[in-house]
Amino acid sequence: MTDVNQQTAYDNNNIFAKMLDGDIPYYKVYEDDKTLAFMDIMPQAEGHVLVIPKQKAVDLTDLEPEYAAAVLMTSKKVMQAQRQVFEREGVIQMQLNGSQAGQTVFHYHVHLIPSSIHELGRHAVTQADNNDLADIAQKLAAVIDA
Ligand code: 5GP
């Protein structure tokens, strides 16, 4: 029988851990003492942002309350910025737990995607242009800072 509580162990070399360590570049949208928000390099729609806690959590089961709250508050800031920059109300908040659900990076993260569920692109398939990602990150960051 499948153990539903069995999950991947936290890997200090996962791609988001390396970003937090400063070993891998990313297009930053927002950062505070408990969270980091950056552009998804394979967006499911233009403006797709990921929000991660500065805690070694694989998925929702590991997330400590203070980091859960911080991720939610950062997500709110990012979503409000997406609404302004893309002049649209609709933003999808998505979060995958476990490979069976499609999770591919095992450091907890929230996806914020300015899209309708009916128009959502494929998950982690098509790499975006770096200049476009940099431009959008800068626009979102400017709105959050304002
Ligand atoms: P998951 O499948 O774990 O819910 O989502 C992982 C997300 O990370 C995917 O949307 C994927 O496009 C994104 N991703 C994978 N590798 C990188 C990377 O090196 N940099 C950035 N910024 N995003 C990545």
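Let's start at Gln82, a residue found in helix 2, which covers residues 65–86. Keep in mind as you look around that this is a predicted model. Gln82 has a relative accessibility of 0% and so counts as buried, since the cut-off for that word is under 20% relative accessible area. What does Gln82 touch, leaving aside residues up to four places away in sequence? Its partners are Gly47, Val49, Glu87, Val91, Leu112, Ile113, Pro114 and Leu140.

Now let's turn to the ligand. It is surrounded by 18 residues, and the closest of them are Met39, Asp40, Thr104, His111 and His123. Sorted by class, this shell holds 11 nonpolar residues, six polar ones and one charged one.

One oxygen atom of the ligand has a polar side-chain atom of Thr104 at 2.7 Å. In the side chain of His109, an N or O atom lies 2.9 Å from an oxygen atom of the ligand. The backbone takes part in the list too: a polar backbone atom of Ile41 is 3.5 Å from a nitrogen atom of the ligand. On its own the ligand would expose 520 Å², and the protein buries 92% of that area.

Which elements give two or more residues to the shell around the ligand? They are helix 1, residues 15–20, and strand 2, residues 35–39. Helix 1 gives the most, with three residues.

Definitions and conventions
Residues numbered from 1 in each chain as written. Predicted model: local features only at pLDDT ≥ 70, side-chain atom pairs only at ≥ 80, totals over all residues. Heavy atoms only, no water. Near = heavy atom within 4 Å. Polar contact = N/O pair within 3.5 Å; in protein donor to acceptor, adjacent residues only side chain to side chain. Areas by Shrake-Rupley, 256 points an atom, 1.4 Å probe, with all protein chains shown as cover. Helix = DSSP H or I, 4+ residues; strand = E, 2+ residues; numbered from the N terminus. Nonpolar A, V, L, I, M, F, W, Y, C, P; charged D, E, K, R; others polar. Buried < 20%, exposed > 50% of the residue type's maximum accessible area, 1.4 Å probe, protein only. Contact = heavy atoms within 4.5 Å.
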